[in-house]
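Here are some notes to read beside the model. They take up a cavity, then aromatic rings, then charged side chains.

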Amino acid sequence: MLRTTTTSVPCASPSENDHPLPDFPRMYRAYLDCRRSKRNKPDALAFERNYEENLITLIEELRERRYQPSTSTLFYTEKPKLREIFAAAFRDRIVHHLIYNEISPQWERVFIHHSYACRPNKGTHAAALALQHFLRQATLNGKRPASFLKLDIHNFFMTIDRRRLFEMLAARCHDPDLLWLLRVVVFHDPTADYELRDPRNLRHRLPPHKSLFNAPPFCGLPIGNLTSQFFANVYLNALDQFVKHHLHGEFYLRYVDDLGLVHRKTESLEEWQSRIAQFADEKLGITLNPRATRLGPVSNGVDFAGFIVRQNYALVRRRVVGNLKAKLRQARPQLVRQTPERRVWRFHPETLATCLAAVNSYFGHFQHAQSRRLIKKLWQEFSFLRHFFKLAKHKLTRIDQPLRRKSALKQQVRWLQRNFDGQICLIQIGCYYETFGPQAQKLAGVLHLSLRKNWRGFALACGFPQQHWPKMAAQLEKLRMPVVIARQTGRELYHAKERLPAWMVEYPNV
């Protein structure tokens, strides 16, 4: 039986601490943590279909020490830089959360306060705020000069010695069964069993030293797992303690493998850099990256954690802004098709959803810096967004969002005609396209359609079968009449089918 001693979850009662590590309450909590924000993923849905039996099976494997990690998914990402990602299977990620929930409370008491990666209430924004506070303290609110030293560990995750890492974990783990599970996870080699997903062949562009396939024996942790991020903090904790208690670095902070120190004297920082490099090499077997080392006055601004940090404000890094611009340039051809004669705006649901999530995510990041003029400039540069979104308080919303709540045909028609003033609004009703009111009278005159009175609750209406659309579209284009098509989504509302704009045609010179 697996027994825990002091490594319990923070909210566990004394009676719960006597339970085996993989009991159902602990495993269920790990499962809930694992599926958070990933519930719609295919592997999470497959596990959830019979999650109770799957959790019980996982518990039995852990208790009988039969557990072995499953096949990982190998893929590559380009942003923010080209990386090799080994994503563990969903059941394995549950085990990772189980381990994290058990050992993190004990290690949290050991970590320094200013370590900001993979910890509760930390992150890049907290790191930037802490650095700004350090700059004020070191310079006495700008009254004296100070310098900043930024260090980066060369090829960090690929050079972590798993034997040293396991010794660090074992030193604070006295439960033999938990120790067995840690050994299984730490020494698991994902390169022996993986499923490759690389449709763009990015693996051929990855430098060899950044691949786990070329790591030295017993070295390297897979990027993409919760345990890898947490184990990185464990591995560098010795370096944090050395800087704080031996070098007495008062203004020191770390985010993953990026180290930052502030001091009044440049000479002290140069000496610390040498001693840190020596300690990292001798005690941890890692080296500093000289190309990423930065030493200079804080008055020039400090590039750290995604921001350019100054004493009284912060700016967003150019690379972050460039990544957002690249995403918008990629989305623009899917939403806008322009020729000298006309522009076609396509309300493509998947592209709009992806674009909305990406832009709001970046704008949320921008809010932690002085970014009002930046957002205004982006809104002007990518003006095509105005046809699909509204910008309010640094957040985008779909322009057709209110239409999703209109549960009657009359409400839908009035909203479309009010918000697309100047266009002919053709609305799908079954297998017909119809328009109503003054627009119907205008359309019937130019296309020679029959005009109906008192139709569907409207004074005037006209329409045509969908199969006649190519012919009607050719005539509308010849007459250069702007038009909006609203199609049924298939979703049922209270009193009508949901309809949303599908595309819009405009003629610039009209």
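1. Which residues line the largest cavity? In this predicted model, the lining is made up of Leu-324, Leu-328, Val-359, Phe-363, Leu-378, Trp-379, Phe-382 and Leu-385.

2. The lining of the largest cavity has eight nonpolar residues, with no polar and no charged ones. The space inside the largest cavity is about 40 Å³. The structure has two cavities of 30 Å³ or more.

3. Next come the aromatic rings. A pair of aromatic rings is described by the distance of the centres and the angle of the planes. There are 32 aromatic pairs in the structure. Phe-148 counts as buried, because its relative accessibility of 5% is under 20%. Phe-304 is buried too, with a relative accessible area of 0%.

4. Tyr-433 and Phe-464 give another aromatic pair: the ring centres are 6.1 Å apart and the planes lie at 65°, so the pair is edge-to-face. Tyr-433 is in strand β16 (residues 432-436) and Phe-464 is in strand β18 (residues 458-465), so parts that are 31 residues apart in sequence are tied together. Tyr-433 is buried at a relative accessible area of 3%, and Phe-464 is buried at 2%.

5. Some rings gather in a group. Phe-24, Tyr-28, Tyr-31, Phe-47, Tyr-51 and Phe-90 form one aromatic cluster.

6. Rings also meet charges here. Arg-172 has its charged end over the ring of Trp-107, 5.4 Å from the ring centre. The charged end of Arg-452 sits over the ring of Trp-455, 4.2 Å from its centre.

7. How many salt bridges does the structure hold? The total is 26. In one of these, Arg-29 is bonded to Asp-33 by a salt bridge whose closest N and O atoms are 3.8 Å apart. Both residues lie in helix α1 (residues 24-35), four residues apart, about one turn of the helix. Arg-29 is partly exposed, with a relative accessible area of 27%, whereas Asp-33 is buried, at 16%.

8. Asp-43 and Arg-93 meet through their side chains in a salt bridge of 3.3 Å, N to O. This pair links distant parts of the chain, with Asp-43 in helix α2 (residues 42-48) and Arg-93 in helix α4 (residues 90-108), 50 residues apart. Asp-43 counts as partly exposed at 32% relative accessibility, while Arg-93 is buried, with a relative accessible area of 17%.

9. A further salt bridge joins the side chains of Arg-456 and Glu-434 (3.0 Å, N to O). Arg-456 lies in the loop between β17 (452-455) and β18, and Glu-434 lies in strand β16, so the pair ties together parts that are 22 residues apart in sequence. Elsewhere, salt bridges that share partners join Asp-23, Arg-26 and Glu-102 into one network.

How values were computed
Residues are numbered from 1 along each chain as its sequence is written. This is a predicted model: local features need pLDDT of at least 70, side-chain atom pairs count only at pLDDT 80 or more; totals for chains, interfaces and linings use all residues. Side-chain values use heavy atoms; hydrogens and water are left out. Rings of Phe, Tyr and Trp (its six-membered ring) pair if their centres lie within 6.5 Å; planes under 30 degrees apart count as stacked, over 60 as edge-to-face and the rest as tilted. Buried means under 20% relative accessible area, exposed over 50%, partly exposed in between (1.4 Å probe, protein chains only). Helices (H or I, at least four residues) and strands (E, at least two) are DSSP runs, numbered from the N terminus. A charge sits over a ring if NZ of Lys or CZ of Arg is within 6 Å of the ring centre and within 35 degrees of the ring normal. On a 1 Å grid over the protein atoms alone, a cavity is a set of points where a 1.4 Å probe fits but cannot get out, and a pocket is an open set with protein on both sides within 12 Å along at least five of seven lines; lining residues have an atom within 4 Å of a point. Grid points are joined across faces, edges and corners, and a volume is the space filled by probe spheres set on the points. Ala, Val, Leu, Ile, Met, Phe, Trp, Tyr, Cys and Pro count as nonpolar, Asp, Glu, Lys and Arg as charged, and the others, Gly among them, as polar. A salt bridge is a side-chain nitrogen of Lys or Arg within 4 Å of a carboxyl oxygen of Asp or Glu.
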